[in-house]
Structures are given as structure tokens and as C-alpha cells.
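Please open the structure in your viewer and keep the selection panel at hand. The tour below goes from stop to stop, saying what to select and what is to be found there.

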Amino acid sequence: MKTFEGIDFPFVSLERGFWHRKQELIRDATLPTVERVFRDTHRFDAFRFDWKPGMDWQPHIFWDSDIAKWAESVAYVLRRGRDEALERSVDEVVAQIREHQDPSGYFNIHFTVVEPDNRFQKRTEHELYCAGHLIEAAVAYFEATGKDAFLKAMCRYADHIDQVFRLDGSAAFETCGHEEIELALVRLYRCTREPRYLDLARFFLDRRGRSGKDARAFYPWANARYAQDHAPVREQATAEGHAVRSMYLCCAMADLALEDGDEALLDACRRIFRNVSGRRMYVTGAIGSSHLGEAFTVDYDLPNGEAYAETCAAIGLMLFSRRMLRLEPDAHYADVAERALYNGFLSGLSLDG
């Protein structure tokens, strides 16, 4: 399989213009605002692992991922220049992760202090999703600063996930309800070159649409199609279900197609991309038309007044487009990415950051 190299983030410097101003806005306004809100809403407090029943707040199932996304964003800012205050804030979180990580390598706040008996028992509860975002943050922070404490902690967690899911098969499910772990594992493999992480990403993709453990609905609308679990990944042809999850799955499929030279997987990515861009995407580049399940529905069902069109889904489409562009030089992928960037993504940030 012939592939094409893009120019990655570390090698691009925006010195002026529209996107340079947006980068400065995110550094100076958005990241400090997010940090303040996360402190006010106890997300940082949760990393102390001292929550008890009866307190006036409770760690939510995706608080880990909220902090992880913020930390990953900090890492990209730090690639442009050191910021001691931001770096110190991330280092404090990393220290708490290392202090409270289970001896097995497991790390999840909610399923340690709120539901300790339900580790890897609830497919829909974002457990592996949180793990994936923590892994992505750890890789980004290592690449930005050279500090490896976060990365080592998440390698231990990935090793534990590999043992539980791929080797022992002791979890109550085989594929996560919200994709993210798959693409994160490929990223971890590219950083560490540890082949077990690529094997685990391959396992999660190959089990989708095949696992009897996962073939049941969790909500009235959360069936196999909602979870992109209606068919094996190489047989899928349309974008189905929750739009963000669908795009994250496609990102991982494209990543694995690149790593393995898997033409069948690439063909599935092509089919799904053409279905999205030709039949299930708004003129703005937004996707996921239904508020029920934040989901794709059927071809050309793109209502205006009831459009859900989540910003996260637009980001997912951009990420998928970029990966496809590395696999083949088709300007259509770049056009879709740009359309989503200037509309579906940009609308999620206010003018003052």
C-alpha cells in the first residue's frame, strides 16, 4: 500500500493571521477558563480520590476524560513555548494519577471511588473512552516536554487493559461503548513502538460486530447500529449511530489500515467517508443530524430546525479526513476537513475564547 506523509503539528508554525490569533486566544483565554471551570466543578478535586457518599458532588463517569482533553490541549500549547503555570497544573494531575493508580495499573476515578465493584462491567459508561483520552494526553505531554511519568503510568494502564480484554477475556464486554481507546492505542504504539498496543487496537476493531458479549441494547435507542457494532468493520459501508463514536472508530480503522497495509479496511473507510460526505453531511460540514442518540439516521435526512450537528462530531470528521489524506492523495478529504474546520468546529468557540 502506497501512503503519503503529511506535515505534522510540531513542524508547522503559524506566525500571523486568523489561525495564529486563534492559537493565542486558546492559550491566553480558553485554557485558563477551562481550568478554572474544572476547579470550580470539582473535576480536579476528584483526582484526590477522596470522594465519599454524602458529599455535594460525585465524580462523573467521564470526568477523567475532561481533564485529559485539557491536558492534551496544554501539551500542544507547550510545543509552541513553555508556560510554567500550565505545566505545573498538569504535573500536579500526573502526580495524583501516579499516587492513586491501582497496583494492577488500572486507573479510573468513578469506578474506583463510586462503583469499585463494576470495573469493566458496564460497556456504555465511558471507562475505555476515558482511558483512551488519558493515553492521548500522556503521549502529547511526553512529546511536548520530554517528561515520561504520565506516559509510563498510561503504559501500565494499557498493559492492564490488554491483560483483561485480550489475554484473559474477563471483562463483561469486548468492545467499548464509546470508541476512543482504539485510536489512542495506535498512537501509543507509534510513540513507544510496543507491538502489544497495536495488537490490542487490532483486537478491539476485529471484535466489533462479532462479539456475543456486546450484542444487546443499553437504552431503547442504543442498539448495535447505534454502537457501530452491527457488522464487522471491514464489511461496514455507511456511517451509523452516534456520530462522534462513528468517526472515532473510522479514525482507528484508517490508522490500522495504514499500519497493516490492510486494503479491506481501507475500502471500508472509503465507503463510509463517501457515505458521510455525499449523503449524511450538512453543507457546513456538520454531521449527526438527530438529537436522539446524537446520531446519523438515513441518507439525506438533514433537517435544519432540529439539527443536532455536534461540534465533537465535526472534529471527528476532521480527524478522519486527515487520516484518509495520508492513505491516498484525494483533495476531497482535504475539502471536507476544511469545511468542517471553518464551520462545524469553529462555531464551538466564542469570539472571546
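At what angle do helix α8 (residues 181-192) and α9 pack, and how far apart are their axes? Select both helices: they pack at an angle of about 160°, with their axes 8 Å apart. Axes here are lines fitted to C-alpha atoms, for helices over the stretch in contact, and angles run from 0 to 180 degrees between N-to-C directions. Helices (H or I, at least four residues) are DSSP runs, numbered from the N terminus.

Before going on, note that this is a predicted model, in which local features need pLDDT of at least 70 and side-chain atom pairs count only at pLDDT 80 or more, while totals for chains, interfaces and linings use all residues. Residues are numbered from 1 along each chain as its sequence is written, and side-chain values use heavy atoms, with hydrogens and water left out.

**First stop: α8 against α9**

The two helices α8 and α9 are therefore roughly antiparallel to each other, given that angles under 35 degrees count as roughly parallel, over 145 as roughly antiparallel, 65 to 115 as roughly perpendicular and the rest as oblique. Their crossing is left-handed, a term used if the near helix is turned anticlockwise from the far one by less than a right angle. Now show the side chains: Ile181, Glu182, Leu185, Val186, Leu188, Tyr189 and Thr192 of α8 meet Pro195, Tyr197, Leu198, Leu200, Ala201, Phe204 and Leu205 of α9, where contact means heavy atoms within 4.5 Å. By class, this contact of α8 with α9 has 12 nonpolar, 1 polar and 1 charged residues; Ala, Val, Leu, Ile, Met, Phe, Trp, Tyr, Cys and Pro count as nonpolar, Asp, Glu, Lys and Arg as charged, and the others, Gly among them, as polar.

Stay in α8 and select Val186, which lies in this helix and, at 1% relative accessibility, counts as buried. Buried means under 20% relative accessible area, exposed over 50%, and partly exposed in between (1.4 Å probe, protein chains only). Leaving out residues up to four places away in sequence, Val186 touches Leu198, Ala201, Asp255 and Glu259. A distance drawn from the C-alpha atom of Val186 to that of Leu151, 35 residues apart along the chain, comes to 14 Å.

**Second stop: α7 against α9**

On the α7 side select Cys155, Ala158, Asp159, Ile161, Asp162, Phe165 and Arg166, which meet Arg196, Tyr197, Asp199, Leu200, Phe203 and Phe204 in α9. The residues of the contact of α7 with α9 divide into 8 nonpolar, no polar and 5 charged.

Which residues have the most contacts inside the largest nonpolar core? Select Phe120, Ile161 and Phe165, which hold that place in a core of 101 residues. A nonpolar core is a set of buried Ala, Val, Leu, Ile, Met, Phe, Trp, Tyr and Cys residues joined through side-chain atoms within 4.5 Å. Around Ile161, not counting residues up to four places away in sequence, are the residues it touches: Phe120, Leu128, Ala131, Arg166, Ile181, Leu200 and Phe204.

Next select helix α3 (residues 63-80) and helix α6 (residues 127-145), whose axes come within 8 Å and cross at roughly 20°. The helices α3 and α6 are therefore roughly parallel to each other, and α3 passes α6 in a left-handed crossing. By class, the contact of α3 with α6 has 12 nonpolar, 3 polar and 6 charged residues.

**Last stops: single residues**

His126 is found in the loop between α5 (110-113) and α6; its phi is near 65°, a positive value in a residue other than glycine, and His126 is buried, with a relative accessible area of 14%. Glu294, in the loop between α11 and α12 (311-327), also has a positive phi, of about 50°, although it is not a glycine. Is Glu294 buried or partly exposed? With a relative accessible area of 27%, Glu294 is partly exposed.

Finally, select Asn275 in helix α11 (residues 263-279), which counts as buried at 6% relative accessibility.
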